[in-house]
Every structure is written in structure tokens, then in C-alpha cells.
Amino acid sequence: MRVLLVEDDPVLGDGLQVGLTLEGHTVDWLRDGDEARDAPGDQEFGVIILDLGLPGCPGQVLLNEWRRSGVTIPILILTALEGSEACIEALDSGADEYCLKPVDLAELTARLRALQRRAAGRVDNHLTHGPLSLDQAARAAFLTGKPLDLSAYEFSVLEALAERFDRTVTRQTLESRLYGWDDGPESNSLEVLVHKLRAKLGRERIRTVRGVGYRLVS
Amino acid sequence: MKFGASLQSRLLGLLLLLLGMGLVAVVVHGYGRADRAAARDVDDRLRMSAALVLETIDPLSQRDSTAPPRSLSSNRTTWWASAPAFEIRTRDGRVMLRSTDFPPMAESSPPGFSTRMVERLEWRIFTIVDPDRGVMSSVAMNAVERAGRARNRFEDTLVPVMMALPLLGIAVLASVWLGLKPLRRIERAVRGVKVTELRRLDLDVRKMPRELGRLARTLNDLLDRQQGLMRHQRAFVAAAGHELRTPLAGCKTQLDVIGRTDDRTVRAHAMTKLGEALERMIRLVGQLMLFAKSEQSGLLRDARRFDLDSLIAEIVADDVTSTAAQHRRIDYVPPAVPVEIVADRELVRSMIENLLENAVRVSAVDDPVEVVLTAAETHVTIDICDRGPGLPDDQKEQVFDSFHQVARRSTTGAGLGLSIVKAIVEAHRGSVALEARSSGGICARVRLPRHAVDAGAGDRDHQTAGARSARRGP
């Protein structure tokens, strides 16, 4: 998933960025409310992790603005503020999840998965299409029961394609999912990944849609 | 039970003592008066009686003056134990008539009042002379009678007093008890105050006597202030806990990261970050301790003479404020002449670091923070200026209130810093204020007296002061 992290604390933000990346997500980290304002419109984020106590524009204000301007990306509030009031206000103004700091990284990623599932209208972490099945929690893929040996990036691409099974996923979407602002993809890295996936899954499984992107078929 | 151990017994004892003394005075005085009054009564009686006697012997004066004297028994009157004894003599002293109880005396008594001892009894005699008839009459009363009269009068005044005594005693007891009743009420009310929920005393202050009303009001004020303080402290503890959450979260997350990877570079990076977060927390806890201490008096413990400009230069060089990788520009031009003050060096350091941290926090990377030190005869001024967004006017005061700051959720970490600055400034009897700059941003202006305190510690450097004063500029 492509994650937008808005958190001003240097150590926590760094920890979250590194930790979530280890979990296979791509994280863009902003430290300031004003900087973050226009970020969601820019890219296809799977989820936004938002701290309430931000310099510049406060988190609650950002939340309100985003929801008012039609940003539908799932938002998880991560904050040190205890107490129902802040929680209720945030949830009622459109946040989907509310977590208190300090939070366990494993717990955080589980919540992110839950948000991801809900956004896709699914109820569990398994994506199954025919002989192909993906376990999103374990980040493992199986073909007819046998585990596939995939790199993190390969899994991400496969996951993105499997989430929109039998529908085209654009190049841009795939690249945006894989690479944050700070990493620019090399021009053909996506092709290389798809090529490797085809080798492991079977050529026919991934169809190229010329000039647009790719599609996972049965 | 020790006498005087209780207000009640003291008051009672005092009142009863006064009562007793009064009683003794009344008795003594009364007795004396009674005696004198009785003597006066006797004299009056004698005087009246003497005149009366003369009137009555008039028809008797015709008799033969050589006949032996006749005795008359006198009538008893109810008012006096007996009628006065009387005697009538001729001008030349020959007794004409004498009552049975008149003391036999050889010579006649002088006119007017006189006192004679006859047969070991004292007699008071009054004699008048009738020159026309050539007779003199004497009337006499003895001391026993006078004493009896005195005793009567004395008893007349004393008996009611004695009867009133137990009543008075009860009245004293009751009034002392009643008088102290409001005190007991206050005591009950104070006893009912629970330490965990301090509230005003459960009394109607208006119904109390003035002095105790004042006491109750003072107690209520104290309880109010204490309650406010406790509420403040609870809020502070909650806020402090909250402040620590973010660096703690950072530590936890970095540890999670370390646990998830074997990559040495990633681990090394995570451990560095962990270290940074711990430093933050150590510093924050230090701030909290300082702030907690500053709530008490006696913050200023270790005042000594030191060079303020070199302290500032040191802080600026250390660049402690840059916990992030970015170093901020802090412009400080030291004054030409060393600036010495007497103050607590570590506290002043904390104060300057806090102000610098705030200035750096609100400044963009390229905007420098400016520090200016000016020295005058009696005080020094430190200006720390930033080019940040500034502060709305209504917040310029509130920003020093720690609880206000931490309650506002929008800024992180700035919470305690300014309150600590304020506490340190006040302990040195200086002043601090935030002023807007025309070019945008804020200047924090701190004024410190050059001799913050004339503590004993300051005198330690007194000898060196002489040597150094030569270096000091005007």
C-alpha cells in the first residue's frame, strides 16, 4: 500500500516509515500540516496516517478540509491525546480509525490492513482467484497450494493486480504504489517486475494492456 | 488535666477568679462600710434621742434637785435592740436622772460626741446642754450595740450577693460555653474536610461572630487556593504524561523496527534514532523536574558571579537545539566587554536554551535566530528573536501559563518551556515578555538584575569582584 504519513516527531516518523516499509508498504512522510494539505490529491494513497498535534495546520483541520474536498482515502489518526472528546470529534469528522501513541507496529499494520480491506469491500486478508491465493497479512502468495518465492516489490505488484482482478491497473497506479516521492523508478523497473512475475505465475496470467497497464486474469 | 490547657478552662478560671476577687472586695468594703454606717446611725440616733430626752424632762425639772436619781426603764423599740441609755445632769455635773443601762461615770461628758471606756465596754456618748434650764442630757450607746447594728447592715448587703453567687457561677459557665460554641462549630467543619476533595467549610460565615467569621473566611480562602493548586498539579501531571507519549512512541516503534530486520544498516539507523528519542525524553524529564521545583520557593540555590556573554556563546556553539539533522542558524554577536551577573548559572542556561528552542522551532530553515545581549548599570537584557509566524496578541500572556499551553493541542513540546523560563526569571526577580517584531516574528525579551540575590553564595566571590570590577565597562 502507498501510505501517507503526516507526523512531526522525527524519531517516531522515522520509525514508522522504516517499519511500514519493512512490512512492504511504500511510505511518504511529511512533517508539517501545511505541507500535507495538497498531498492526497496528488497520488493514489491507500491510507493516510495523520497525527493530530502538527505544526502549521493542525491535524483536525486537515481532516476536515480533506473530507470536505472529497478525499475518500481511509484515514487513521495517530495521536498522544487521550480522552473521548478528541476521539469522537475525529471519528465524526471523517477519520476511520483512532490510535493512541505509543502503538505497536504489528498492531498498526493490522489496522491498516483492516482499512484496506474495508475500502475494497472485502472481509478477510486473503485474495483468492482460482489456483492463485494471496495472504496479505503474511505477504505470501500461493499457486495451487504451493508457496511462491516473491520479492517485496513483486508481491506488491501482484497484490495490486489481484485486488482488481480481471480489471486493468494502470502503470501509474502500479508505480505510485511501489515508489514514494523520494524514490523515482527507473524507467523499465516495472516491466522487469512483471516479467519476473510472469516467469513464476505463468505468462498468460498477466496480460499487458498496451499503453495503459496490466491485468491479472484467470 | 493541666490548668490552662483549654481555652474553656482558662476563660472559666479567669472569670471565676475575677468573680472571687470581686466578691472578696465587696465583702471587705461592705464590712467596712457597714461598720461606718452603723457608727453614723448610732450618732444620728444619739443626737435625736438627746434632744428628745431634753423635751421630756421639762416637767420633771421642777423637782428637788437633791433627791437621789431615779431610774427609768426604757421602752424597747423594734428597730433598735433597745432605746438609748440616757442621763440628765445639772450644769455643775450632779446627776438628776439616769436610765438603768447608762454607764455610771463620775464626771459629766463633754458636750457633743465623745467616747468612753466604762467597765471594759466602749460607749459612744452624745451630750447637749440646755443653758436656759441649766441641765445637760447625755445619751449613750455601747459598742456591742453598734457592732450588732453593723452586722445587720452587713448581712443585709451580703446575703443577696451570696445567694446570687451560684447563679453567677452558672451564668459564667454558660456564657463561656456558649461563647466558645462557634469555635466548636468551626472545629467540626474543619474536621469534615477531606484532603482528597478540598471544599469550602460547611458553615454559614455570616452567622458567626465577627472574629471567628474572619477566621472561617481565611480558612475558606486557603482551602480554595489549595484546591486550585491541587487541580493545577493534577492537570500538570496529566499533561506531563501526555508530553512524554510521543518520544516514547518513537522509541517503541524503533525497537519494533529493530525486531523486524536483520539488516545491520537499518538496525544501526534505528538505534541512532532510539538514542535521539531517549535524549529528548531525558531532557523533557529534566524540564519537568525543574518545573516541579520551580513551583516551590527557593528555586535560586546556587547564585554566583559568572560571565553571561560567554555562557550565551557556549550555548550557541553547542547548538543543543538542533535535535533534528538540520542545524539552525543562530546569530550572536558578543558585546565588547564581558558582562557579569550574579545568578544561578545552570538555571540561566536552561532559560536561554528553552527560549532558543522555541525560536528555532518556529523558524524556517533559512531564517536565523538572533540573540542580543545588552548590559546596563543595574540589569542586563537578553533578546532572542525569530522570524516565525508570531503570536496573536491575546496569547502573549497566556503562553507562559503551562497548563494553558499543554491544554492547547496544536503545538507540541512548546508547552513547558516558557513556563520554566518564567519561573526562572521570576526567581531572579527579573522580567520576561514577548514582543512582536515589525519584520514579523517575535522577540523574547528577558531582563535580569545584575545582582539577582544577595545570597551568602554571592559574597563568596566578593573578593574577586574587586579585581574584576576594573574590567567592567560603564
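Trainee: Is A:Gly145 buried or exposed?

Mentor: This is a predicted model, where local features need pLDDT of at least 70, side-chain atom pairs count only at pLDDT 80 or more, and totals for chains, interfaces and linings use all residues. Residues are numbered from 1 along each chain as its sequence is written, chains are lettered from A and ligands numbered from 1 in the order written, and side-chain values use heavy atoms, without hydrogens and water. Buried means under 20% relative accessible area, exposed over 50%, and partly exposed in between (1.4 Å probe, protein chains only). A:Gly145 has a relative accessible area of 59%, so the residue is exposed.

Trainee: How many residues of chain A are in contact with chain B?

Mentor: Contact means heavy atoms within 4.5 Å. Chain B brings 23 residues to this contact, and chain A brings 27.

Trainee: How many salt bridges does the rule find across the interface of chain B and chain A?

Mentor: A salt bridge needs a side-chain nitrogen of Lys or Arg within 4 Å of a carboxyl oxygen of Asp or Glu. B:Arg260 forms one with A:Glu23, with the closest N and O atoms 2.1 Å apart. Across the interface, the rule's count of salt bridges is three.

Trainee: Which element gives the most to the side of chain B that touches chain A?

Mentor: Helices are DSSP runs of H or I, at least four residues, and strands are runs of E, at least two, numbered from the N terminus. Two elements of chain B give two or more residues to that side: α4 (210–260) and α5 (264–294). With 13 residues, the element that gives the most is α4(B).
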